[in-house]
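The following exercises are to be worked with the sequence and the coordinates at hand. Each task is followed by a solution in steps.

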Amino acid sequence: MEITRFVFSLLFLVMMTVGSSGSPNHWGRKRVREPCKKLVFYFHDILYNGRNSKNATSAIVGAPAWGNRTILAGQNHFGDLVVFDDPITLDNNLHSAPVGRAQGFYIYDKKEIFTAWFAFSFVFNSTQHKGSINFAGADPLMNKTRDISVIGGTGDFFMTRGVATLSTDAFEGEVYFRLRADINLFECW
């Protein structure tokens, strides 16, 4: 009887220890999820400056009282709202054949720090991809890399979820910038 109670207590203790670890592999290590799909794209933003309407892919549509719609406002561009329809390429060459469009907006949302908030979609209609990937989140522009949420998609990317790491690949003053988007999808249907 005493041995049965001891074995039962020992078995109970082992089960409680393993069950309470909270880790999927029960040994204190975190499980690393691998993405189901990895993609890399570049998008090229050419801001309208009053003289480049033929080539512009974005425009200031909202500005604070001290700003205007052809020059980004001072104070880290705070209050400017920019809408864009930028080409997406597979490499960092603006003149490469586009595989889709980056469509959405960004808002410069802080006076003290150069930062923006993005909401946009990559819209594809090519032989390689059809559908869209939707993104939203903060973009602290002075960081070398920034993570933004992949919040859904359509077509080939139906209901996808993940993270896109953005990095500024090039910029020319306040007229042109190119972002590299390293996309890791963790939910693929």
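**Exercise 1.** Determine whether R178 is buried or exposed, and identify the residue with which R178 forms a salt bridge.

*Solution.* Step 1: R178 has a relative accessible area of 12%. Buried means under 20% relative accessible area, exposed over 50%, and partly exposed in between, with a 1.4 Å probe and protein chains only. R178 is therefore buried.
Step 1: A salt bridge requires a side-chain nitrogen of Lys or Arg within 4 Å of a carboxyl oxygen of Asp or Glu. R178 meets this condition with D169, their closest N and O atoms being 2.5 Å apart.
Step 2: D169, at a relative accessible area of 31%, is partly exposed.

The model is predicted: local features need pLDDT of at least 70, side-chain atom pairs count only at pLDDT 80 or more, and totals for chains, interfaces and linings use all residues. Residues are numbered from 1 along each chain as its sequence is written, and side-chain values use heavy atoms, with hydrogens and water left out.

**Exercise 2.** State how many salt bridges a search of the whole structure finds, and characterise those of R101 and R146.

*Solution.* Step 1: The search of the whole structure returns four salt bridges.
Step 1: In one of them, R101 is joined to D85, with 3.1 Å between the closest N and O atoms. This pair links distant parts of the chain, since R101 belongs to strand β4 (residues 100–108) and D85 to strand β3, 16 residues apart. Helices (H or I, at least four residues) and strands (E, at least two) are DSSP runs, numbered from the N terminus.
Step 2: R101 has 29% relative accessibility and counts as partly exposed; D85, at 32%, also counts as partly exposed.
Step 3: R146 and D139 form a salt bridge with an N to O distance of 2.5 Å. Both R146 and D139 are buried.

**Exercise 3.** Describe the surroundings of strand β1 (residues 37–46) and name the strands with which β1 pairs.

*Solution.* Step 1: Seven of the 10 residues of β1 are buried, so the strand is largely enclosed by the rest of the structure.
Step 1: Two strands pair if DSSP finds at least two bridges between them. β1 pairs with β9 (residues 176–187) in the antiparallel sense over 10 bridges, and F41 stands opposite A181 in β9.
Step 2: β1 also pairs with β3 (residues 81–89), again in the antiparallel sense, over two bridges. Here F43 faces I88.

**Exercise 4.** Locate S121 and find the side chain with which S121 makes a polar contact.

*Solution.* Step 1: S121 lies in strand β5 (residues 116–125) and is buried, its relative accessible area being 19%.
Step 1: A polar contact is a pair of N or O atoms within 3.5 Å; within protein, one must be able to donate a hydrogen and the other to accept it, and residues adjacent in sequence count only if both atoms are side-chain atoms. The side chains of S121 and N134 are joined by such a contact of 2.5 Å.
Step 2: Beyond its neighbours within four places in sequence, S121 is in contact with residues including R101, I133 and F135.

Note on methods: Contact = heavy atoms within 4.5 Å.
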